[in-house]
Amino acid sequence: MYEPPHFIETRDSVLHSLITSEPLGLLVSNGPDGPVADPIPFTLHENEGEHGILRAHLARSNPHWQLMASQPDLPVLVVFQGPQAYVTPSWYPTKAETGKVVPTWNYVTVQVSGLATIHPDPQWLLAQVNRLTESHEQAMPKPWAVNDAPDDFVSQQLRAIIGIEIVIAQISGKWKASQNRSAADKAGVAQGMILQPKEQQKQMAALVQQRVGAKDQ
């Protein structure tokens, strides 16, 4: 991933926070006919390994897991996407001053790479499905649990999936939030975005206000 210095984020705590809040990652492997990609919800185990461990599952009918099993020494890539929004030059005071402005796109992303291990064991899968379910059900008024379903049904469902574990070898983040603009232009972007209808635009407005770039120092 191309990372100009003012957009780089290296703190594991910040990178992990994005993964936890936006757990649907794009899993990418290199197949014989080109890249193979699947969006999958992951759980992050940040206290395991140097940079954490990702765990997830795929349908057994999905050949992606067989591809990873056939090349265990070849790293896979997982991409997590945070807030993103278009930036119009009309929000820059610089537009009125010089006219030397162009549109751009602000976004937040984390990329993870590491070796993938395949887990067919039902007990491993049950633990993973429980962890994934609990992490997303806890905010529900009446949280659903895996053991709410009949045991035989759960066993049947577990036989239809396969587990994936990725020990994070490399993790990188890019927080492109107008850090390369002047303080006035940043203020214009934040003000413009906060008035837009989409929640991601409002989230990006907050990031623009929070992030400090070279022109602020």
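Contact between two residues means that heavy atoms lie within 4.5 Å. The structure is a predicted model, in which local features need pLDDT of at least 70 and side-chain atom pairs count only at pLDDT 80 or more, while totals for chains, interfaces and linings use all residues. Residues are numbered from 1 along each chain as its sequence is written, and side-chain values use heavy atoms, with hydrogens and water left out.

The protein contains seven helices and eight strands; helices (H or I, at least four residues) and strands (E, at least two) are DSSP runs, numbered from the N terminus. Taken along the principal axes, the C-alpha atoms fill a box of roughly 70 × 45 × 30 Å. Of the 217 residues, 44% count as buried, where buried means under 20% relative accessible area, exposed means over 50%, and partly exposed lies in between (1.4 Å probe, protein chains only). Among contacts between residues at least 6 apart in sequence, 76% join residues at least 24 apart.

The strands are considered next. Two strands pair if DSSP finds at least two bridges between them. Strand β2 (residues 24-31) and strand β3 (residues 34-41) run antiparallel and are joined by eight bridges. These two strands, β2 and β3, form a hairpin with two residues between them. Within this pairing, V28 has A37 in β3 as its bridge partner.

Strand β5 (residues 53-59) is largely enclosed by the rest of the structure, because five of its seven residues are buried. Strand β5 pairs in the antiparallel sense with strand β4 (residues 43-45), over three bridges, and L44 has L54 in β5 as its bridge partner. Strand β5 also pairs with strand β8 (residues 161-176), again in the antiparallel sense, over seven bridges. In that pairing, A59 stands opposite I161 in β8. In a regular strand the side chains alternate between the two faces of the sheet.

H64 is found in helix α2 (residues 64-70) and is buried, with a relative accessible area of 1%. When neighbours within four places in sequence are left aside, H64 is in contact with L27, S29, V36, A37, D38 and L58. The C-alpha atoms of W105 and V87 are separated by 5.4 Å, although the two residues are 18 residues apart along the chain. Leaving aside neighbours within four places in sequence, W105 is in contact with Q84, A85, Y86, V87 and K176.

At 1.5 Å a residue, the twelve residues of α6 should span 16 Å, and the end C-alpha atoms are 17 Å apart, which agrees; the expected span is 1.5 Å times one less than the number of residues. The buried residues of α6 are D185, K186, G188, V189, A190, G192 and M193. The elements that cover them include β6 (76-87), α3 (93-97), β7 (104-119) and α7 (199-210).

The axes of α6 and α7 come within 8 Å and cross at roughly 160°. Axes are lines fitted to C-alpha atoms, for helices over the stretch in contact, and angles run from 0 to 180 degrees between N-to-C directions. The helices α6 and α7 are therefore roughly antiparallel to each other, since angles over 145 degrees count as roughly antiparallel, under 35 as roughly parallel, 65 to 115 as roughly perpendicular and the rest as oblique. Helix α6 passes α7 in a left-handed crossing. The contact involves K186, V189, A190, M193 and I194 of α6, together with Q201, K202, M204, A205, V208 and Q209 of α7. A crossing is left-handed if the near helix is turned anticlockwise from the far one by less than a right angle, and right-handed if clockwise.

Within α6, A190 is buried, with a relative accessible area of 4%. Residues up to four places away in sequence not counted, A190 touches A205, V208 and Q209. The C-alpha atoms of A190 and A85 are separated by 11 Å, and the two residues are 105 residues apart along the chain.

The loop between β8 and α6 contains S178. This residue, S178, is buried, with a relative accessible area of 2%. Its phi is near 65°, a positive value in a residue other than glycine.
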